[in-house]
Amino acid sequence: MIRILSLLTFLLFIGTSCKTYQLDDLPPKQLHFGSGGGFAGAFTSYLLLENGQFFRKDGLNGTFEPLDRVKKTHAKALFRQWETAQLAKLDFDHPGNLYHFVSMMSGDTTYRLSWGAMDYPANDAMKSFYESCKKMIPAAPPTK
């Protein structure tokens with residue numbers, strides 16, 4: 001009997017610790033990043049959740065499509081990097097013809113940074129965080 005209770009407790013823990021979110025019911029804390037602009041106005045945006053779920057959206061009117069998950073520990077580390085770099089304290093909105101952005105949603109508050117204008121270079125913390133975000137993007141599956 002104790003074994004059965006232990007197994008049920010373990011399965012309940014596993015089930016609740018690996019929650020999968022749907023796009024219409026996302027958690028309040030979300031990391032968005034991406035880039036866009038240019039002559040064609042192309043735009044790619046990514047959404048990462050702390051549980052490792054990853055999504056991609058192409059175009060301003062596109063919808064987010066799921067990508068392969070990343071390790072939860074890696075996702076949480078990226079969220080911590082945002083906090084450690086104190087990016088929420090920055091006020092930087094200088095997109096250029098080609099631009100990059102990062103934004104953190106936390107409850108009802110969204111912190112957004114964008115850069116690309118030649119006269120307003122991004123600081124090292126912003127660029128480093130953006131590079132860390134890009135490294136998290138799952139590799140595309142091989143084409144056949």
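Visitor: Why does Leu 23 count as partly exposed?

Guide: Leu 23 has a relative accessibility of 41%. The scheme calls a residue buried under 20% relative accessible area, exposed over 50%, and partly exposed in between (1.4 Å probe, protein chains only). The 41% of Leu 23 lies in between, so the residue counts as partly exposed. Before we go on, please note that this is a predicted model, where local features need pLDDT of at least 70, side-chain atom pairs count only at pLDDT 80 or more, and totals for chains, interfaces and linings use all residues. Residues are numbered from 1 along each chain as its sequence is written, and side-chain values use heavy atoms, with hydrogens and water left out.

Visitor: Where is Leu 23 found, and which residues does Leu 23 touch?

Guide: Leu 23 is in the loop between α1 (2-17) and β1. Helices (H or I, at least four residues) and strands (E, at least two) are DSSP runs, numbered from the N terminus. Leaving aside residues up to four places away in sequence, Leu 23 touches Leu 47, Phe 55 and Phe 64, where contact means heavy atoms within 4.5 Å. Leu 23 and Phe 64 are 41 residues apart in sequence, yet 7.8 Å apart in space, C-alpha to C-alpha.

Visitor: What pattern does the chain follow along the sequence?

Guide: The pattern is α-β-β-β-β-α-β-β-β-α, with three helices and seven strands. Of the 144 residues of the chain, 33% count as buried.

Visitor: What order do the strands of the open sheet have?

Guide: The order is β4-β3-β2-β1-β6-β7-β5, with mixed pairing. At the edges are β4 (65-67) and β5 (93-94), each of which pairs on one side only.

Visitor: How do you know that β1 and β6 pair?

Guide: Two strands pair if DSSP finds at least two bridges between them. Strand β1 (residues 29-37) and strand β6 (residues 98-106) have nine bridges, in the antiparallel sense, so they meet the rule. Gly 37 has Leu 98 of β6 as its bridge partner. In β3, Asp 58 is the bridge partner of Thr 44, while in β4 Pro 66 is the partner of Phe 55.

Visitor: What makes the phi of Gln 86 stand out?

Guide: Most residues other than glycine have a negative phi. Gln 86 is not a glycine, but has a positive phi of about 55°. Gln 86 is in the loop between α2 and β5. With 43% relative accessibility, Gln 86 counts as partly exposed.

Visitor: At what angle do the axes of α2 and α3 cross?

Guide: They cross at roughly 170° and come within 10 Å. Axes are lines fitted to C-alpha atoms, for helices over the stretch in contact, with angles from 0 to 180 degrees between N-to-C directions. Angles under 35 degrees count as roughly parallel, over 145 as roughly antiparallel, 65 to 115 as roughly perpendicular and the rest as oblique. Roughly 170° is over 145, so α2 is roughly antiparallel to α3. Among the residues making the contact are Leu 78 and Trp 82 of α2, and Phe 129 and Cys 133 of α3.

Visitor: How many aromatic pairs does the structure hold?

Guide: It holds seven. One of them joins Tyr 46 and Phe 54, whose ring centres are 6.2 Å apart with planes at 90°. Rings of Phe, Tyr and Trp (its six-membered ring) pair if their centres lie within 6.5 Å; planes under 30 degrees apart count as stacked, over 60 as edge-to-face and the rest as tilted. The 6.2 Å is within 6.5 Å and 90° is over 60, so this pair is edge-to-face.

Visitor: Why is the pair of Trp 82 and Phe 129 called edge-to-face?

Guide: Their ring centres are 5.5 Å apart and their planes are at 65°, which is over 60, so the pair is edge-to-face. The pair links distant parts of the chain, with Trp 82 in helix α2 and Phe 129 in helix α3, 47 residues apart. Trp 82 is buried at 1% relative accessible area, and Phe 129 is buried at 0%.

Visitor: What makes Arg 112 sit over the ring of Phe 101?

Guide: A charge sits over a ring if NZ of Lys or CZ of Arg is within 6 Å of the ring centre and within 35 degrees of the ring normal. The charged end of Arg 112 meets this rule, 4.4 Å from the centre of the Phe 101 ring.
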